[in-house]
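The sequence and the structure follow.

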Amino acid sequence: MLVRLSKLEINYERVDMNRLGCEDETLKERYKNAMVAYITGPLLFANISVLEELPGKVEGCDTVMFSMRGVSSVDVSAVQTLLSILTELKEKGMDITICGLPAASRNMFERAGVIELLGEEAFYWSVERALLDHRPYPALTK
């Protein structure tokens with residue numbers, strides 16, 4: 001039961017603006033190399049290995065959106081690991097957004113420095129809202 005309760009799943013999907021019914025060619029161009037990581041389950045020390053796979057899964061993207069509505073809880077170890085991963089992705093020039101983060105988890109993100117790293121403007125109520133925003137285009141470092 002404990003193993004089942006601590007299971008973390010991350011599903012990755014390329015952004016397809018046509019699925020949103022988006023006709024804005026500028027937005028289609030902006031998000032043509034974007035990925036959404038749908039995270040479901042608690043972020044705990046017991047499942048950090050799943051988080052550690054994340055950089056390899058999003059490699060080559062210029063934008064990564066984390067849908068975290070399904071994150072039930074966050075512990076210190078996991079948020080520190082996530083902070084390290086987000087720092088690495090940001091240093092590579094990726095645009096990062098956090099979407100649907102529950103209030104209790106947001107408090108942990110704030111204490112760990114994630115909000116300071118990404119800025120308030122990187123947090124959205126939903127992935128759809130983030131996709132319809134004209135966020136600045138990131139400059140990937142090669």
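## Surroundings of helix H6

The buried residues of H6 pack against strand E3 (63–70), H5, helix H7 (114–118) and strand E5 (123–124), where contact means heavy atoms within 4.5 Å and buried means under 20% relative accessible area, with exposed over 50% (1.4 Å probe, protein chains only). The model is predicted, so local features need pLDDT of at least 70 and side-chain atom pairs count only at pLDDT 80 or more, while totals for chains, interfaces and linings use all residues. Residues are numbered from 1 along each chain as its sequence is written, and side-chain values use heavy atoms, with hydrogens and water left out.

| Side of H6 | Residues |
|---|---|
| Buried | Ser105, Met108, Phe109, Ala112 |
| Turned away, exposed | Ala103, Glu110, Arg111 |

The buried residues of H6 are Ser105, Met108, Phe109 and Ala112; they cover an arc of only 100° around the axis and therefore lie on the same side of H6.

Helix H5 (residues 76–91) packs with helix H6 (residues 103–112) at an angle of about 60°, their axes being 10 Å apart, and H5 and H6 are therefore oblique to each other, a class that takes the angles left over by under 35 degrees (roughly parallel), over 145 (roughly antiparallel) and 65 to 115 (roughly perpendicular). From H5, Val76, Val79, Gln80, Leu82 and Leu83 make the contact, and from H6, Met108, Phe109 and Ala112; these residues divide into seven nonpolar, one polar and no charged.

Just after H6, Gly113 adopts a positive phi of about 100°.

Terms used: Axes fitted to C-alpha atoms, helices over the stretch in contact; angles between N-to-C directions. Helix = DSSP H or I, 4+ residues; strand = E, 2+ residues; numbered from the N terminus. Nonpolar A, V, L, I, M, F, W, Y, C, P; charged D, E, K, R; others polar. Arc of directions from axis to C-beta.
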